[in-house]
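Here is a friendly briefing to read beside the model. Please have the sequence and the structure open as you go through the points.

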Amino acid sequence: MAKRSNESYLWALFGAGGVVAAMLIPVHLFLFGIAIPLGWLEGPSYERLLDLAQHWLVRLYLFVLCALPLFHWAHRFRYTLYDGLQIKHLNELVFGFCYGGAILGTGVAAYLLWNVP
Amino acid sequence: MSGRYHPRVSTWWWLHRWGHLRFILRELTSVAVAAWVVITLWQLCALDSGPAAYAEFQARLRTPWLLALNLVSFVFVLFHAVTWFNLAPAAMVVRVGGKRVPAALIAASNYAAWAAASAFVAWFLLRG
Amino acid sequence: MAETITLEVTRYDPERDARPALQNYDVPFRKDWVVLDALNYVKDRLDGSLSYRWSCRMGICGSCGMMVNGEPKLTCATFLSVYAPGPIRVEPLQYFPLIRDLVIDMTDFLAKLRKVVPWIVREDGREPEGEYLQTPEQLDLYKQFSMCINCMLCYAACPVYGLDPLFTGPAAIALAQRYNLDNRDQGASERMDILAQHDGIWGCTFVGECTKVCPKHVDPAGAIQQYKVNTAVQAFKNLLLPWGAK
């Protein structure tokens, strides 16, 4: 009998990332991407943000907020390329691009959060 | 067996039914999600680089291109959230006392959690 | 009310035609007629050479599935009046090889059904004296997934199956889940070995069209997502608690 595919773990990552993205990205995007730039709300100052980012819990939160949605994208986009563009024959390339991108982004997030002044 | 006709699936299969198009749009929300992460990483980089860099970043966010991008992303991210919460009951079967909890209730509790989480984040960030 | 309505029906004779083409038939427009009645009228009165499958004409045998105006439908359950004034396009079920006219080749579907081990499996070799006992609550766990009539409308609606014929497909996976959830069965692990693969549950991207078109409200999409959750949970359990691996 064939060994069960490792897809289970990738799907679990996709699911976790999907939950994080659904629950938290809308409010973050709305605040920092729309409301504050448009002046509807007074955003936190640079000093305030830096202060908040000192706490390890905040950094962990931000790390999870960046990393998991990237793996959500990787999984979903990989299948969109397979089915939407019918390029299953470029399998390895698509897989590498998607998960490689997610790993890269996760690495960048870790580096940036580690180096908060 | 001779003579079987094998129709080929068009590259534009996803335009042939509204259900399929809606599905592809839903899948493309992941691009908006990734876009938000990229912009957030940019924001973190600006944060790390000092107040001048952060002010520059904030100015960039006010340019028409980025505002438009964020608005479009927001619509897609909302679409992701709504479709995600509406579909969650299909994967989560909860049984209480031998009877299955209705899908609407499962979806509703997801929406409630969404509202609570959003309110908390907004409060936390804006309380200054 | 109009006297007749036009049907545009796929005709394909493998010995004469290179590809299928639509042929028009004008049939009486009766308020209580379904598409199957119209096809039977065509075959009885207009063109005896038309070939199609049907049997019970009451939505239980699963034989009469076809595309009606691009949607997978049981023609015995699809009223002409919904499509008035027409014309109504009747085509063979999508994503299956075409044998003739409206008759598709279901060999692959039958193979997929067999592949998922769709019977009660006993691992411990013990069978009860007399019959298995099952409470209504235990029956309720899998009953919805047992209502499938093998009509293949879900396959005709599934773009993943259309793009990748190796995909096991909605009905077969729902059938597997029907047995996994049956308390008399001990074959869940065996089925998971077969279906926790790319051509099994992982090929599904939860488009959800299968559930939309199912005439028996089986909800195959739900069955597959639940199966994914179970499989992922089991994978982590096997990883973290290897001594109890299933």
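Predicted model: local features only at pLDDT ≥ 70, side-chain atom pairs only at ≥ 80, totals over all residues.

Residues are numbered from 1 along each chain as its sequence is written, while chains are lettered from A and ligands numbered from 1 in the order in which they are written.

**Cis peptide bonds in chain C**

- The bond that joins C:Gly86 and C:Pro87 is cis, with omega about 5 degrees.
- Another cis peptide bond runs from C:Ala84 to C:Pro85, and its omega is near 0 degrees.
- C:Pro85 also lies in the loop between strand 4 and strand 5 (88-91) of chain C.

- C:Met152 is not a glycine, yet its phi is positive, at about 70 degrees.
- The loop that holds C:Met152 lies between helix 3 (136-142) and helix 4 (153-157) of chain C.
- C:Met152 has 24 other C-beta atoms within 10 Å and is therefore buried; the cut-offs are 20 or more other C-beta atoms within 10 Å of its own for buried, 12 or fewer for exposed, and in between for partly exposed, with C-beta atoms placed from the backbone.
- C:Asp219 has a positive phi too, near 60 degrees, and is placed in the loop between helix 8 (209-213) and helix 9 of chain C.
- With 21 other C-beta atoms within 10 Å, C:Asp219 is buried.

**Helix 6 against helix 9 in chain C**

- The axes of helix 6 (residues 170-180) and helix 9 (residues 220-240) of chain C come within 8 Å and cross at roughly 60 degrees; axes are lines fitted to C-alpha atoms, for helices over the stretch in contact, and angles run from 0 to 180 degrees between N-to-C directions.
- Because of that angle, helix 6 of chain C is oblique to helix 9 of chain C (under 35 degrees is roughly parallel, over 145 roughly antiparallel, 65 to 115 roughly perpendicular, and the rest oblique).
- The crossing of these two helices is left-handed, a term for a near helix turned anticlockwise from the far one by less than a right angle, with clockwise being right-handed.
- Helix 6 of chain C brings residues including C:Pro170, C:Ile173 and C:Gln177 to the contact, and helix 9 of chain C brings residues including C:Pro220, C:Ile224 and C:Tyr227; contact means that C-beta atoms, placed from the backbone, lie within 7 Å.
- By class, this helix contact has nine nonpolar, two polar and no charged residues (Ala, Val, Leu, Ile, Met, Phe, Trp, Tyr, Cys and Pro are nonpolar, Asp, Glu, Lys and Arg charged, and the others, Gly among them, polar).

**The two domains of chain C**

- Chain C is assigned domain 1 (4-104) and domain 2 (107-244), with bounds from an automatic or database domain assignment.
- Twelve residues of domain 1 of chain C are in contact with twelve of domain 2 of chain C.
- On the side of domain 1 that touches domain 2, strand 3 (65-68) and strand 4 (71-74) of chain C each supply at least two residues.

**Chain A with chain B**

- The contact takes 41 residues from chain A and 42 residues from chain B.
- Helix 1 of chain A gives the most to the side of chain A that touches chain B, with 15 residues.

Definitions and conventions:
Contact = placed C-beta atoms within 7 Å. Helix = DSSP H or I, 4+ residues; strand = E, 2+ residues; numbered from the N terminus.
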